[in-house]
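These are my notes on how two chains meet. I began with one pairing and then looked up the interface as a whole.

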Amino acid sequence: MAVSPSPALPVTAHCAGNALGVTTLSVIGALEAGRTGLRRSLADPAHEMVLGEFPCPPEPPPAALRAFDTRLVRISLMVLEEIVPAIERAVARLGADRVALVLGTSTGGIRESEEAFAAWSAQGSLPAGFSLVNRHSFNGLLGAVRGRTGIRGPGYVVATACSSSAEAIATARRLLLSGTADAVLCGGADTLCTTTLRGFRSLEAISPGGCRPFSAGRDGLSLGEGAAFLLLEREGNGPAWLLGAGESSDAYHMSHPHPEGLGARLAMRDALSQAGLDPSGVDHVNAHGTGTPANDGVEAAAIGEVVGNRVPVASTKGYTGHLLGAAGATEAVFAIASIARGFVPASLGATPVDPAIAIAIATGPLRQRVRTVLSNSFAFGGANVSLLLGAGP
Amino acid sequence: MRSIHVAGIGLWTPRYPGLAALVDDTPGPAAASPPAALLPPAVRRRSGPLCRAVAEVVGQAAAEGGADLSRTPMVYGSVYGETSAAVEMMGAFAQGEGLPSPTTFHNSVHNAPAGYLSIATGCRIFSPSIAAGPETPAMALLDAWMLLLQRGGEAVVALADEPVPVPLGVPGAFLIAAVAFLLRAGPGRPARARIGAPRRGAGAVPPIPAELALHPCAPAFRLAAALARGQRGAVSLGDGGPDGWMVELAEDG
């Protein structure tokens, strides 16, 4: 049965901040120039590793939002600031109740909870200001962003680990297409914390020298931190449109991908189907591409099967590190930049490409017309999301 | 607009063995752990207590409504998630260079119950995992309502929280408890009620036992009690006030 394509939704504002820079302009400038933001770090004093740390100390939130003060909230509000005027215009035009908020994060305020636990272990009491509700829980991020923007529509955090903010964008699409909201601020944020630094180390998934997705020499991932946001609307215009958001579950393993990439293929095909787009119409794939031996091989095979082996594919984890809950939205912003500026970023660290990988990894930057980008995000629990962004509806 | 029907309910708490006990406030002997028969033994052993509670209530709701869980996505809502795993890891970190076990690490992610259930049921439809503070039950129901509008069929909404361990939580603040609603788009076998989309507004606040009233997902237990009593009209998913969220319950059919 033929399926009618769903309406495309304009991205009317977007922003990203991470190891590449605090503003979207600086982030995209570094992406185009092929500069990495990864550096050696002792963020975990017990283990030196290569990380994508936020490039400056993030500023505290305004006094009225101090109850939510965490590194997550600081980075989020600092990055969000450049599109606050666009959000305020949407709130004024549509009404605060018709603007929704869906954010993705995997760790929330757990960095502050770790610090609080350490203080309690050492001194027997939690630090002043620690709040389970406002700082530890995901609700703190919601409260801070609501407070800064005036959004009063439905609001929730989607937490599906590394696909969280991609799923937030997929959820925003549902809120708009169902008529529940007229605009949705969606995106995500995550910070470096001991839980993820040591958790991924326990999985033996951390690269000693920095991630090299799709390379023959890849030996693991690099973690990063940052935030990215998109304002999606039912009506309007922008540099890019959300054409589809495919979702699937691997139903296979908590932390390993399905060996044949079944869930990845389902998500990519779902996105294409929603847009009514033939796979030959995809101009570029921003891969999940974490740099672990197993994940990249499975994803490459799945991409090849869905869109063929000639579409240029890049992983941007070599620039920012794996941003976990912020990855999907950040890479959606990269996809928008590819469309708006006509380039495919180099897949940093990919040379020499693993000979077992048959897809066209972009080992250098490509200048070309990019009208559609598939952007993949896969996660623990087999939670897969593939976003399809395009130059027009 | 499609009509959405509540086709099944599942409930697990250590003290109330079923919906009737919840409605009548007649606690039974304390139960140690949910059976979670939905999970294969190997998965059950690796999963945490919150995940097992979710599996138990999803299994109950699906059984009542006759749902095929291999084709039924779950919307999972929890205010705090599996904090026992997160705090266990913090204890290891306080020992210096300690690393968590890989299982504890992946059990700490918010979507661990969704992952484990998808493995158990073979369902490859995406199952969202969400949190929204006190609005978590309302937002989970809204998310499921939108999924049903998009895809049709059935979806199960599961809401659960476990006590937050010391030192982050207060001992005895609330007990582990979970509740699930099997929702169906369109007509089918007889259901408990039709349910509208969550929206802002005032509604009744159905009574529930005091120990569940303190649970972070208390409005979901109130909704289960209302459905079990055959209550109709606006039911609050918050404190009953007009700024909160509510749903309309109507006769099935």
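Entry 1. I looked up the bridge partner of V157(A) in β3(B) and found A131(B). The model is a predicted one, and I read every entry below with that in mind.

Entry 2. I then turned to the strands themselves. Strand β5 of chain A, residues 155-158, and β3(B) run antiparallel and are joined by 2 bridges.

Entry 3. I looked up the extent of the contact between the chains. On the chain B side 55 residues take part, and they touch 62 residues of chain A. The two chains bury about 4,600 Å² between them, and carbon and sulfur atoms account for 69% of that area. I noted which residues of chain B lose the most area to chain A: they are F105(B), R124(B) and F126(B), which together make up 17% of what that side buries.

Entry 4. Which kinds of polar interaction cross the interface? I found 0 salt bridges between chain B and chain A. By contrast, 11 residue pairs are in polar contact across the interface, counting pairs with both residues at pLDDT 80 or more.

Entry 5. I traced the chain B side to its secondary structure. At least two residues each come from α4 (83-93), α5 (102-107), α6 (112-121), β3 (129-131) and α7 (136-151) of chain B. The largest share, 8 residues, is supplied by α7(B).

Entry 6. Last, I recorded the composition of the side of chain B that touches chain A: 35 residues are nonpolar, 15 polar and 5 charged.

Definitions and conventions:
Residues numbered from 1 in each chain as written. Chains lettered and ligands numbered in written order. Predicted model: local features only at pLDDT ≥ 70, side-chain atom pairs only at ≥ 80, totals over all residues. Heavy atoms only, no water. Contact = heavy atoms within 4.5 Å. Buried area = accessible area lost by both parts, 1.4 Å probe. Salt bridge = Lys/Arg side-chain N within 4 Å of Asp/Glu carboxyl O. Polar contact = N/O pair within 3.5 Å; in protein donor to acceptor, adjacent residues only side chain to side chain. Helix = DSSP H or I, 4+ residues; strand = E, 2+ residues; numbered from the N terminus. Nonpolar A, V, L, I, M, F, W, Y, C, P; charged D, E, K, R; others polar. Pairing = 2+ DSSP bridges.
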